[in-house]
Amino acid sequence: MQDTARHGDGASDGQPRCAPFSAARLKLAQPAWHRAWLGLDRNEAALAFVATPIGMILLHAAFFAALALSFQISLSAVALVGLTLLGCALFPARRLLVMAASGLLYIVLRPFRSQQQQDFAEKLREATPELVELPHLAWQAPIAMGFLLFCGLALRLQRRYRASLLARRPVLTQFAVLAACIAATGLLEPETPAYATLWTFIVIYAASFFFLSYAFVDQRGRIERPLPFYLGFMRPFWGGPSIPFKTLTYLATFEAKTKAELAATRLRALKLAVWASILAGLHTLLSATFYDVADWPTLNEALTMTAQGEPPAATAGWLIVAKNFILTVLATAAFAHVFVAIVRMAGYGIPRNTARPLSARSIAEFWNRYLFYFKELLLDFFFYPAFARWFKAHPRLRIAFATFCAAFVGNLLFTVISQVHLVAEHGFLGAIMRFESYVFYAALLTLALILSQLRKRKPKPEDGFWRYEVTPRLVVISFFAVVQIFADESGHLGLAERTDFLLHLFGI
């Protein structure tokens, strides 16, 4: 958890290098076109060309073609992204203002994190006689604007009263406010406008919870930005998941300052978008092979078969687990690459969210490479506060406890907040029970991360090829492939059924 090395596209990613021969031989083995493509953002001719008007047009056209081929965002999202990037290209000195304005429009049109949240809000409206005739936009947009007003007031209060609890503990205050809002719904009658309005507000709040958290953190820095800038990033224009790319100050550290830097950043964006489309295509091809040609069951189908007393053979079960891991990594990487590529095309060369996770030699390194920004969120709001406060005289216990706060407590809180609407649908206890399998997954992950960080003996090149290059990676991949059995947030089957499937894999 404490490994915060930034990772990028090139060879210098903060990771140890093995024997010197490998890099040289690998470079010689690469086709010339592949070397040229990888070095495109360092090619002087390419940089000069994309800085010209025609080059900029062709670059953006190629970028949007790659986005379309990735199938990771909808056509309406592509339109908003296109207009925003056009504004960033025409007004590079005001790109942050353009992005914030686009974000304000986006949160009004699409204030929810997921389709499940959108469907929940629609059910609330349809179940309320006074609201059922209203178009969903006419119903949700005012609540989204009310949420923005709420955020603006909260940020203004933090600025004015810097000694208050809100200023000193903004995230803790947010948890209290969200809990109070949920408790208040119990005082309202279902199927009434007040009930529907409050729950819709809660879901919008949950979708932007950590974006607001980062805005609170950013305001404590040296640079004081206008409030609309923060409000424009409660749901950034690139959409996607509810995992922020940290603060606006962090974003600014990667801003392209010169025409040459901007050209290089945009070329890296194109490369990443193309890579995302390749991964998405590979995911589609493998899915068709596994499901349509080979007729393999999904992991959830295999779990259901086991729960019904008809489990697949152990060998087939292991193949299903391996297949699920491969498809999950491909889908995660393609999805994350698209949004990082969009930010880069806007002129901010931020690190990738997923960067060669299969090369990791430890559990902690895989976690850093696989979900970089989610890991950073857990570090910022849970690991570092615990690390700075508790067990200072006991270094190993200090790391273990801070990791527990991040990987277990923070992980679970993030998951519960992102699906807070389940409380309305199933009650508090019912919603908590749906996460029993995910709680077990978080516990396994936390234990593995603690052991990985406290382990004194790390693999070294002198250990030999197998013990350095192969065995550690196989152990890490196997661990994450197996724990995926329990990494479920949907409530499909419980911990007992998933444990039965795992035991069946080992012939028990």
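## Charges over rings

Arginine 95 sits over the face of tyrosine 348, 5.8 Å from the ring centre. Arginine 361 puts its charged end over the ring of tyrosine 468, at 3.8 Å from the centre. For a charge to count as over a ring, NZ of Lys or CZ of Arg has to be within 6 Å of the ring centre and within 35 degrees of the ring normal.

A bit of housekeeping: this is a predicted model, where local features need pLDDT of at least 70 and side-chain atom pairs count only at pLDDT 80 or more, while totals for chains, interfaces and linings use all residues. Residues are numbered from 1 along each chain as its sequence is written, and side-chain values use heavy atoms, with hydrogens and water left out.

## Aromatic pairs

Searching the whole structure turns up 39 aromatic pairs. Tryptophan 390 and phenylalanine 401 make an edge-to-face pair, because their ring centres are 6.3 Å apart and their planes are at 70 degrees. This pair links distant parts of the chain, 11 residues apart: tryptophan 390 is in the loop between α19 (372–389) and α20 (395–418), and phenylalanine 401 is in helix α20. Phenylalanine 480 is buried, at 3% relative accessibility.

The cut-offs go like this: rings of Phe, Tyr and Trp (its six-membered ring) pair if their centres lie within 6.5 Å, and planes under 30 degrees apart are stacked, over 60 edge-to-face and the rest tilted. For accessibility, buried is under 20% relative accessible area, exposed is over 50% and partly exposed is in between (1.4 Å probe, protein chains only). Ring pairs also join a cluster of residues, including Phe147, Tyr205, Trp367 and Phe414.

## Helix packing

Helices here (H or I, at least four residues) are DSSP runs, numbered from the N terminus. α20 packs with helix α22 (residues 436–454) at an angle of about 155 degrees, their axes 9 Å apart. The two, α20 and α22, are therefore roughly antiparallel, and their crossing is right-handed. The contact (heavy atoms within 4.5 Å) involves residues including Phe404 and Phe408 of α20 and Tyr438 and Tyr441 of α22.

Helix α4 (residues 53–70) and helix α17 (residues 314–345) have axes that come within 11 Å and cross at roughly 165 degrees. α4 and α17 are therefore roughly antiparallel too, but their crossing is left-handed. In α4, Leu59, His60, Phe63, Leu67 and Ser70 meet Val338, Ala341, Ile342 and Met345 of α17.

As for the terms, axes are lines fitted to C-alpha atoms, for helices over the stretch in contact, and angles run from 0 to 180 degrees between N-to-C directions. Under 35 degrees is roughly parallel, over 145 roughly antiparallel, 65 to 115 roughly perpendicular and the rest oblique. A crossing is left-handed if the near helix is turned anticlockwise from the far one by less than a right angle, and right-handed if clockwise.

## Positive phi in loops

Lysine 246 has phi near 65 degrees, a positive value in a residue other than glycine. Lysine 246 belongs to the loop between α13 (227–231) and α14 (248–252), and is buried at 16% relative accessible area.

Aspartate 295, another non-glycine residue with a positive phi, has a value near 60 degrees. Its loop runs between α15 (259–293) and α16 (299–307), and aspartate 295 is exposed, with a relative accessible area of 62%.
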